[in-house]
Amino acid sequence: DRRPDRLALAGDPTTPLVDATLAELRQLDLGLGQSVPTFHEVLDATTVNLQVEIKVPSAARQLALELGRRSAADRDRCVVTSFHPHALAQFQRYATPSQRGFGLLVASLDTDWRHTAQSLGVTNLFLHWPGLTRGLVEDLTAAGYRVCASMFNNAGELRRILETGVVGSSTDRPLLAQALLAEIREKETPCTQ
């Protein structure tokens with residue numbers, strides 16, 4: 001089983017990540033001799049805004065406490081997200097407030113995600129992009145949400161997402177995204193002589 005939420009530990013390729021210890025995760029080689037960083041190491045090594053996803057609801061309280069130990073600047077550059085409403089409710093219960101708030105990841109626009117977003121008081125929506133339209137994004141923005149698309153991994157998807165007017169998106173290929181955005185900006189910049 002090569003699913004991304006599992007890894008091969010001690011010869012067993014089906015070990016769920018949630019069952020791995022930190023020591024086991026740290027033994028993995030991510031390439032070039034790099035090991036899996038801790039959350040604090042990621043914050044220490046970066047200055048960019050981060051989307052931090054709660055994959056397992058039981059991690060919400062601890063994430064809130066760990067993020068609360070960080071500076072206001074670190075908290076303000078993180079938007080914590082999850083597909084699990086319960087995880088977001090738990091995170092909110094223990095979290096120190098931040099400027100970017102937290103966000104609901106929506107896998108399907110055919111669900112009752114609007115009610116969930118309202119009841120949680122989220123400020124960020126990460127919506128599955130194939131169903132997004134410019135009209136929907138404009139309506140949600142007017143209602144006070146920061147709307148992002150979730151998830152793109154090729155040039156065609158990025159171009160379609162940009163047409164909707166979202167303020168951001170997520171990807172598994174950040175270097176490709178940076179290159180594509182630079183290419184798009186270069187084409188849109190008028191030539192001056």
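Helices (H or I, at least four residues) and strands (E, at least two) are DSSP runs, numbered from the N terminus. The structure is a predicted model, in which local features need pLDDT of at least 70, side-chain atom pairs count only at pLDDT 80 or more, and totals for chains, interfaces and linings use all residues. Residues are numbered from 1 along each chain as its sequence is written, and side-chain values use heavy atoms, with hydrogens and water left out.

The protein has nine helices and eight strands. Its C-alpha atoms fill a box of roughly 55 × 45 × 35 Å along the principal axes. Burial was assigned from relative accessible area: buried means under 20%, exposed over 50%, and partly exposed in between (1.4 Å probe, protein chains only). By this rule, 32% of the 193 residues are buried. Contact means heavy atoms within 4.5 Å. Among contacts between residues at least 6 apart in sequence, 36% join residues at least 24 apart.

Strand 8 contains Ser170. Ser170 is buried, with a relative accessible area of 11%.

Helix 8 spans residues 155–164. Its buried residues are Glu157, Leu158, Ile161 and Thr164. Viewed down the axis of helix 8, the buried residues fall within an arc of 110°, so they line one face of the helix. The arc is that of the directions from the helix axis to the C-beta atoms. An α-helix has 3.6 residues a turn, so residues three or four places apart point the same way. The buried residues of helix 8 pack against helix 7 (134–142), strand 7 (146–152), strand 8 (168–171) and helix 9 (174–188).

Both ends of helix 8 were also examined. At the start of helix 8, a side-chain oxygen of Asn154 comes to within 3.1 Å of the backbone nitrogen of Gly156. Just after helix 8, Gly165 has a positive phi of about 85°.

A positive phi also occurs at Leu32, a residue other than glycine, where the angle is near 55°. Most residues other than glycine have a negative phi. Leu32 is located in the loop between helix 1 (22–26) and helix 2 (39–45). Leu32 is exposed, at a relative accessible area of 86%.

Strand 3 covers residues 50–53. Leu50 and Val52 form its covered face, whereas Gln51 and Glu53 form the uncovered one. Two strands pair if DSSP finds at least two bridges between them. Strand 3 and strand 4 (residues 78–82) run parallel and are joined by four bridges. Val52 has Val80 of strand 4 as its bridge partner.

Ile54 lies in the loop between strand 3 and helix 3 (60–68). Ile54 is buried, with 3% relative accessibility. Neighbours within four places in sequence are again left aside. Ile54 is then in contact with Ala60, Leu63, Val80, Thr81, Ser82, His84, Ala87 and Phe91. Ile54 and Asp44 are 10 residues apart along the chain, and their C-alpha atoms are separated by 19 Å.

Ala87 and Phe91 also belong to helix 5 (residues 85–94), where they are buried along with Leu88. These residues cover an arc of only 95° around the axis, which puts them on the same side of helix 5. His86 and Arg93 are exposed on the other side. The cover over the buried residues of helix 5 includes helix 3, strand 4, strand 5 (102–106) and helix 6 (113–120).

Arg77 lies in the loop between helix 4 (72–76) and strand 4. Arg77 is buried, at 7% relative accessibility. Its side chain makes a polar contact of 3.1 Å with that of Asp74. A polar contact is a pair of N or O atoms within 3.5 Å; within protein, one must be able to donate a hydrogen and the other to accept it, and residues adjacent in sequence count only if both atoms are side-chain atoms. Beyond its neighbours within four places in sequence, Arg77 is in contact with Leu43, Thr46, Thr47, Val48, Asn49, Leu50 and Arg100.

The charged end of Arg61 sits over the ring of Tyr94, 4.9 Å from the ring centre. This description requires NZ of Lys or CZ of Arg to be within 6 Å of the ring centre and within 35 degrees of the ring normal.
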